[in-house]
Amino acid sequence: MLTYFIRRVFTAILTLIIAAFAVSMLIYLVPGDPVDAMMGDSSSFVSPERVEEIRSQLGLDKPVYLQFPFFMANVLRGDMGRTIFGNEPVLPLLLSKLPNTLILAFAGLAVAILIGVPLGYIAAYQKGKFLDSILMLGATLGISMPVFWLGLMLLVLFSMMLGIFPVAGSGFGSLVLPAFTSGVIAAATIARMARSTMVEILQEDYIRSARAKGLSERIVLMRHAVKPSLVGVVGMIAHMFTWMLGGQIIIENVFAWDGLGQLAVSALLNREYNLIQGYILIYSTMVVTISVVLDLIYAGLDPRIRYE
Amino acid sequence: MGKPEKKGRALTTVVASNPTNIETLLRVENLDILFGTAKQHVVAVDGVSFKINTGETLAIVGESGCGKTVTSLSIMGLIPCPPGIIDNGSIQFNGKDLLHLKMEEMRKVRGNDIAMIFQEPMTSLNPVLTVGLQMSEAMMAHKGISRKEARKRAIEMLKLVQIPEPEKRMEQYPHQLSGGMRQRVMIGTALSCEPKILIADEPTTALDVTVQAQILDLMNDIKAKLDTSILFITHDLGVVAEIADRVLVMYAGRTIEEALVTELYENPIHPYTEGLLRAIPRLDQYLSADNSVKEALKQMPGIVPSIYKKIEGCSFAPRCPYARKQCGQERPVMKEVVPGHRAACWKPEW
C-alpha cells in the first residue's frame, strides 16, 4: 500500500514537471515577438528599458534550452513573474483568487453529489419504470444544456424577475446560483453514471446471494450494492470536480464571481502571459492532486486495488 | 467419482427404517412459472410437484433450461417479477404457503429456514466486503445476535466447512480465496442459521473435478452432522449418485420421473431418463484393451423443444424412440408405476 502511494506520488510529480515544461514553452506560441505582442497597441508608450526588463523577466534574453530551467527555478522559488500592467507578483495574485474558486467548486460539487448520486441510484432501482424514464430524460437535458445558458436563465429568473438572489457579489446568497448551475449540469452526468453502474450491480450474483440470506432490502442496497458502485461513482465525481475547476471560467464570468476563472479570462484578453502560465500551472497542480487523492480513495474502496 | 460409502444415503436409510421420523418439510404442488407478460410469455415451469422430507437429499436433474433453477428460485421467492409470473400452484413449508407470504415474512424464511447456494462461487460473494462480514450478516439479521457473537459463530462455521486458519480468513476478501474455498464459505454462510433446507443450485459445476469431490464430501458430512435436508440441483448424473437419496428428473419445464436414486439408476421408466443413463460414458464400454474405440458415445437424437412452442402431448414425444400417436396428443401425468417410483409416460400402460 505504501509503495503504491509512493509510486503514485512520484508519477504525479513527473506529470507536473511535464506540464510545467509545456507551460514554459507556451510563450513561443505567441506569434512574433512575445513582448511586442503583450504590449499590443501600447508598445509605443513603453520605454525600451522597460521592454528589456520584461524580456529578461520572461527569460527571453536566454537561449531556448535554458528557458525551462530558468522558468522551473523561478517557480520553485515561488516566483511566477509579475503582471505587465500593474507590475503585481503573479503567484500571490493567483492565490488570492484561489479560495473563491475552490468555494464555488466545492459548493457546485456538493450540489452535484446530493442531486446526482441519489437520483442515479433511484433510477437504477426503478429501471424501465416511469420514474426512471423521467429522471433519465432530465439527465439528458442537463447534459445537453450549455453552462452559460443555464446560468443566464437562472439569473433572469431568480435574480431579475424574482429577486431572490443577488446578480453578482461574493456572499453566500450570490454563491447559490453559480453553485447550482455547475452542480446541476455535473449532477446529470453523475446520475447517468451512477445509474448504469447500479443497474449492472443489481444484476450481480452477489446481490442475489445477499437477498437469499434474507437480509433486509435496505442492507442489500446500502451494503451490498452501494459500496461496490462507489469506485465508478467516485471516479465520475472527481472527473466532474476537475471539470468544475476548469469550467469555472464560464460560470465565474456569467455570475461575476471573483475567482481564478475570471482572472484567467482577463489575463487572456490583456495578454498577461505570466498570469496565464501561472493559472495553467495551478490548474494542472489541482488536477494532478485530485487524481492522486482519487487513487487513494479507490484503494480504500476496493480491496482488489489495495492488495494488488 | 465412485465413492464406496455414501454417508448421506446411510443416514436416510436409518430415517426411512423408522417411519415415524419421516415428515414432509416442503411440498411443491402444480407449480407453473411463466416469463413475459400475461399475453405473451414462455412457460419455464409447467405443473411441477414434489416434496422434500426431513433429512433427505432430493436431486433435481435436467439439462440447461429445463426449469430446475427457476423452480428452486421460486421456493426462495427470488424470481424477479416482472418478468417472472408464478401462475399457479403452491409451495407449502411449515404449514405456510410461501407463495402467499408477505415480503417481510418471506425474508424471515430466506436464509433462516431455507438457505441457498449458487453455481458461481466466483461471483456469488461480494468483492468489496470481508468474508467475515458476509458470513455474519445472515445470523445478525435472523438470530438477533451481536456482531461479536455472530463473528464467533462464523469462525465455527468456517471450521465446520474445513477452511484452515478461519480467523485469518474472516478478515480477507473473496478475491484472496480459491474457487473451492469460496464455495465452502458460501456453504458455511448458508448453514450459519441452521436452516431446515439447503438448496444447492449446481454448487459444483464451476469447480474442477477434485474440488467438486471435496465439496460433495463436505456436503454429505455436514448433512450427517446437522440433519439438514438438501435440494440439490444438477445436470450431472455422476454427482447425483454421489449425494442424492431421491431423484426428480425434469425435461422442458415438466417433471417426468421420480424415484430413489438406486431404483432410478437400475430401472429407469421414462425413455428420457433411460437415454440419459445410457449416455453416461464408460471407459470399458467404449474402449477395448488396446485403446481403440469399440463404439461411439451414445446420444439421444433430436433437441429440446423450443419454449416458445406450446406442447400438447408429452414434451419428449418428438425424440422418443417408443412414441405412439397418443404421446403426441395427450399429456401424460406423473403416476406411481412401481411403489415409490413415479413417471410421466404412457409406455407402462401399453
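The following legends describe close-up views of a predicted model.

Local features are reported at pLDDT of at least 70 and side-chain atom pairs at pLDDT 80 or more, whereas totals for chains, interfaces and linings use all residues. Residues are numbered from 1 along each chain as its sequence is written, and chains are lettered from A and ligands numbered from 1 in the order in which they are written.

**View 1. Overall architecture of chain A.** Chain A contains 13 helices and zero strands; helices (H or I, at least four residues) and strands (E, at least two) are DSSP runs, numbered from the N terminus. The pattern read along the sequence of chain A is α-α-α-α-α-α-α-α-α-α-α-α-α. The C-alpha trace of chain A spans about 80 × 55 × 30 Å along its principal axes. Of the 308 residues in chain A, 36% are buried, a residue being buried if 20 or more other C-beta atoms, placed from the backbone, lie within 10 Å of its own. Among the contacts in chain A with a separation of 6 or more, 73% are made by residues 24 or more positions apart; two residues are in contact if their C-beta atoms, placed from the backbone, lie within 7 Å.

**View 2. The side of chain A that touches chain B.** Contacts link 18 residues of chain A with 23 residues of chain B. Helix 9 (205-212), helix 10 (217-254) and helix 13 (303-306) of chain A are the elements that each give two or more residues to this side of chain A. Helix 9 of chain A provides the largest share, six residues. By residue class, this side of chain A comprises six nonpolar, four polar and eight charged residues, where Ala, Val, Leu, Ile, Met, Phe, Trp, Tyr, Cys and Pro count as nonpolar, Asp, Glu, Lys and Arg as charged, and the others, Gly among them, as polar.

**View 3. An open sheet in chain B.** Four strands of chain B form an open sheet of order 2-1-4-5 with antiparallel pairing; two strands pair if DSSP finds at least two bridges between them. Strand 2 (41-53) and strand 5 (96-97) of chain B are the edge strands, and each has a single partner strand, so one side of each is left without a neighbour in the sheet. Strand 1 (residues 24-36) and strand 4 (residues 84-93) of chain B run antiparallel and are joined by eight bridges. Within strand 4 of chain B, B:G84 stands opposite B:F35.

**View 4. A hairpin in chain B.** Three bridges pair strand 11 (residues 335-338) with strand 12 (residues 341-343) of chain B in the antiparallel sense. B:V338 has B:H341, in strand 12 of chain B, as its bridge partner. Two residues lie between strand 11 and strand 12 of chain B in this hairpin, and B:G340 in the turn has a positive phi of about 80 degrees.

Conventions
A residue is buried if 20 or more other C-beta atoms lie within 10 Å of its own, exposed if 12 or fewer, and partly exposed in between; C-beta atoms are placed from the backbone.
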